[in-house]
Amino acid sequence: MEKDEIYDMVIREMTELAIQKRDEEHPEENELKKHVQELSIQVQKKLNGLPVDVKMTVTEYIETSALVADHDCLYLYVQGAKDCIELLKRLGVL
């Protein structure tokens, strides 16, 4: 395993742990997740009534959008750590 793969794995695990902690401390987030699950079921039902090519395009759009959001979250997690270090340096802590 390459170092970059290890770093990515660690960042992903740390992000997931942070989300779990947030969910425990803020149960209202679970309501939003439940709502998304309900909407997902509704979307799947509505997609079944569409022509195959339209269904595939919409499905690909949804999956790709989720993947982009996931990549954005991971990037922002790392950028937040970098920003924190820069701030600590400017404050003379580091």
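Visitor: How far is the sulfur of Cys73 from the closest cysteine sulfur?
Guide: That sulfur sits 19 Å from the one in Cys84, which is too far for a bond. A disulfide needs two cysteine sulfur atoms within 2.5 Å, and by this rule the count is zero disulfides. One heads-up: this is a predicted model, where local features need pLDDT of at least 70, side-chain atom pairs count only at pLDDT 80 or more, and totals for chains, interfaces and linings use all residues. Also, residues are numbered from 1 along each chain as its sequence is written, and side-chain values use heavy atoms, with hydrogens and water left out.

Visitor: New topic. How many helices and strands are there?
Guide: Three helices and zero strands. Those are DSSP runs numbered from the N terminus: helices are H or I with at least four residues, strands are E with at least two.

Visitor: Which residues of helix 1 and helix 3 meet?
Guide: Ile11, Arg12, Met14 and Thr15 in helix 1 touch Asp70, Leu74, Tyr77 and Val78 in helix 3. Contact here means heavy atoms within 4.5 Å.

Visitor: How much of the protein is buried?
Guide: Of its 94 residues, 5% count as buried.

Visitor: And what does the C-alpha trace span?
Guide: About 60 × 35 × 25 Å along the principal axes of the protein.

Note on methods
Buried < 20%, exposed > 50% of the residue type's maximum accessible area, 1.4 Å probe, protein only.
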